[in-house]
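The following note sets out points on the model shown here, for a colleague who wishes to read it alongside the sequence. Each point may be checked in turn.

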Amino acid sequence: MAAEEAAEASLARLSPERRQPEREDDDEENPEGGGETAALNGVVVPGNEKSNNLDVKVTESELETEGKGTEEESTRESDSNILDVSSDYPREKHISIQRHLADLEKLADLKEGEFTMAVSETTDLHVTDEKKPCPLCPEEKFKACYSHKLHRHLQNLHWKVSVAFEGYRMCICHLPCRPVKPNLIGDQTFSKMGAHYHCIICSATITRRTDMIGHINRHVNKGETESRFITVPAPKSSHEVLKESATDVQVLPNYSTPQKTDSYFNPKMKLNRQLIFCALAVLAEERKPIECLDAFGATGIMGLQWAKHLRSSVKVTINDCNENSVTMIQENCHLNKMKVKLHTKEQDYDEAMGDGGENSDTIEVTKMDANVIMHLRSFDFIHLDPFGTSVNYLDSAFRNVRNLGIVSLTSTDISSLYAKAQHVALRHYGCNIVRTEYYKELAARIVIAAVTRAAARCNKGIEVLLAVALEHFVLVVVRVLRGPSPADDSAKKIRYLIHCQWCEERIFQKEGNMVEENPYQQLPCDCHGSMPGKTAVVLGPLWSGALFNTGFLRRMLFEAVQYGLDEAQPLLKTLVCEADCTTLKHFSIHSLYDENKQEECGVYIKTPNTSAESYLVHGKRKSDEVIRNAAKRQKSENSAEHPAFYYNIHRHSIKGMNMPKLNKFLNYLSEAGYRVSRTHFDPMGVRTNAPLAQFKTILMKYSTPTYLGGQAEGPVHLPEDVKAGEQVQAAADSKAGDAEFLEDDKSGVAAAMFTEDYPTHCGAD
């Protein structure tokens, strides 16, 4: 019986469940505080043991076993969850997670009793109470020291390298919480303990500080900002409501982080959404009603804008394959007072095809893959905006799109399109590209070439209505023409491009399958003859046709004015001038909507007679001579497409010379008989049909030396040999007017005609 009672007494001292009652009994029976106690993690360690009215005889071996067991138990508990010293956080967490440095020092005071007991049991030495062990380091790593040394140790080794999160510090921990692989040395096994951090949210142990910061950021991006050990339920995060173009949408707190949220919403794509809305509004004026599809809805902002502003003209379908996004789209529809018709299975479309009468304010919300819904149903307008490239969805988009319908796609894989990841461009688009000065237009032509091949596989041709390449995206809008003949005509416009790497001159290869003996002869420059080695590369295949449709862009501008889309209007004005290859100064005031019919894709489309063109031109009335010249120029250029590519004026500037103003340089090129305009691809780019040699010649002629910066701009008087060389080059280009322009000195006339600098509103977005 005595042995059983002794065993029960020893278990009572070691069991964590019965420690607390024993401490209360000790406090009641020893009011004078005869026994010294030290609490750590709820462990009560007796300092001077008393019989406690129990006649139990314990041998010395049993006492040693109990002491070792107490040490192991206390070490094991210090590695697990420890009660927080600060009372304002009502939950258990690890000892290394504290609010203040003083809290760690308090834990050192608590651990001092355990250290005193451990030393007193093994040795007969008396340890003073001033020496304290580190609560986050084992004894073999950091021995007990005085308070000032311990404070410096905690501050430098643990607190300065901590990770902060919502007022708490996750300090580095050296306790044996995360053992590494044991190393066998002789007959002994040493288990090295590595330094690590304890996550306050998921209690994970991570070794590096940078990895811990990334781990916490991933929790925040997922909306997990509270620990799973909290006893009080965390308040539900409220959805943030954003407003764009009179449309309200609910988004999650991490809505701007792609691939980490179910409701991705990018405020920087507002201009993209406005351009697509204008294209849909133009199509809605041609035929009503039209069925349009937003294949990647996310929050549903784009489809809601279509339905809210165009009303009965469109039947909107918003699709997304994510269930949470579909739920968010339904909530946003109710927020904007729109009725929702939900389809989650493929069989629902058989019933939906038979329903004829549908409310104009009803939005169809579908939950399926974008390729599936485009295979099952026909649409008049399809917009593709996936995360990254859209080549995986082109075949499905052109399979069932209706004749004269519109397909718009937004590509955000700019790293591959802008020649930063050339191997990715070869894998996705099958194009060889390099970084050039016109890389943005090159990206637009790459996407259009992929669209053309996908449409041709479905026996359809395309007519490019709009191509925009800005900082974050590449937008392409095309009209679909059914039939093998349009498909063949579109496929013939896919060619290779020859690009000179010395002067950056470029030209599309000639049509035909015959191999040329010297392809360098197609380039206007003579770099191959004067430079050693190979000087040119072949890029492509690329789209070689026009990038804009002037009539469609004018009607888009009219719709932007009608609906008050202020951000899209400046860009559309630039695109209209770029499509006509003219400046706003030469833009005809009465050329926008006076014609009742405009020909697009071989089809005459009616357009309204309105005076909305007054939004385009801001300036003084031109003289009769300038008006006649502009009329002649427009009459001869009505059937001509805009020139391919553009030149950057800074890229081809002359060292030691001050270039003329960009608007004046456009006038000089126009006087020389070339078509010229600014471009949205590059704010300092000039789109012209002038060869690069003539471009540099005119730029040199009207540049001034640096030391004559205060002198008025005018032509530079070149030496006689330079003039003769320029005349020979101009004669080789078969332009008699150019030769006369270079021979005659018209500086006085040019200064008189272009004294006033007309403001150009063609600034790039």
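**Notes on the predicted model**

1. Helix H21 (residues 662-671) and helix H22 (residues 692-701) have axes that come within 10 Å and cross at roughly 120°. H21 is therefore oblique to H22, where oblique covers what is left once angles under 35 degrees (roughly parallel), over 145 (roughly antiparallel) and 65 to 115 (roughly perpendicular) are set aside. The crossing of H21 and H22 is right-handed; a crossing is right-handed if the near helix is turned clockwise from the far one by less than a right angle, and left-handed if anticlockwise. Phe665, Tyr668 and Leu669 of H21 meet Phe695, Ile698 and Leu699 of H22, a contact with six nonpolar, no polar and no charged residues.

2. On conventions, this is a predicted model in which local features need pLDDT of at least 70 and side-chain atom pairs count only at pLDDT 80 or more, while totals for chains, interfaces and linings use all residues. Residues are numbered from 1 along each chain as its sequence is written, and side-chain values use heavy atoms, with hydrogens and water left out. Helices (H or I, at least four residues) and strands (E, at least two) are DSSP runs numbered from the N terminus. Axes are lines fitted to C-alpha atoms, for helices over the stretch in contact, with angles from 0 to 180 degrees between N-to-C directions.

3. The chain contains 25 helices and 31 strands. Of its 765 residues, 47% are buried, that is, under 20% relative accessible area, with exposed meaning over 50% and partly exposed in between (1.4 Å probe, protein chains only). Among contacts (heavy atoms within 4.5 Å) between residues at least 6 apart in sequence, 65% join residues at least 24 apart.

4. The residues in contact are Arg273, Ile276, Phe277, Leu280 and Ala281 of H7 and Ile301, Met302, Gln305, Trp306, His309 and Leu310 of H8. By class, eight are nonpolar, two polar and one charged; Ala, Val, Leu, Ile, Met, Phe, Trp, Tyr, Cys and Pro count as nonpolar, Asp, Glu, Lys and Arg as charged, and the others, Gly among them, as polar.

5. Thr688 lies in strand S30 (residues 685-688) and counts as buried at 3% relative accessibility. Beyond residues up to four places away in sequence, Thr688 touches Pro643, Phe645, Tyr647, Tyr674, Arg675, Val676 and Phe695. The side chain of Thr688 reaches the backbone oxygen of Arg675 at 2.8 Å, and a polar atom of that side chain lies 3.1 Å from the backbone nitrogen of Ala690.

6. The bond from Lys288 to Pro289 is cis, with omega near -15°, and Pro289 is in the loop between H7 and strand S14 (290-294). The bond from Gly540 to Pro541 is also cis, with omega near 10°, and Pro541 is in strand S24 (residues 536-543).

7. Ala246, in the loop between strand S12 (240-244) and strand S13 (247-251), has phi near 60° and is partly exposed at 42% relative accessibility. Ala298, in the loop between S14 and H8, likewise has phi near 60°, but is buried at 16%.

How values were computed: A polar contact is a pair of N or O atoms within 3.5 Å; within protein, one must be able to donate a hydrogen and the other to accept it, and residues adjacent in sequence count only if both atoms are side-chain atoms.
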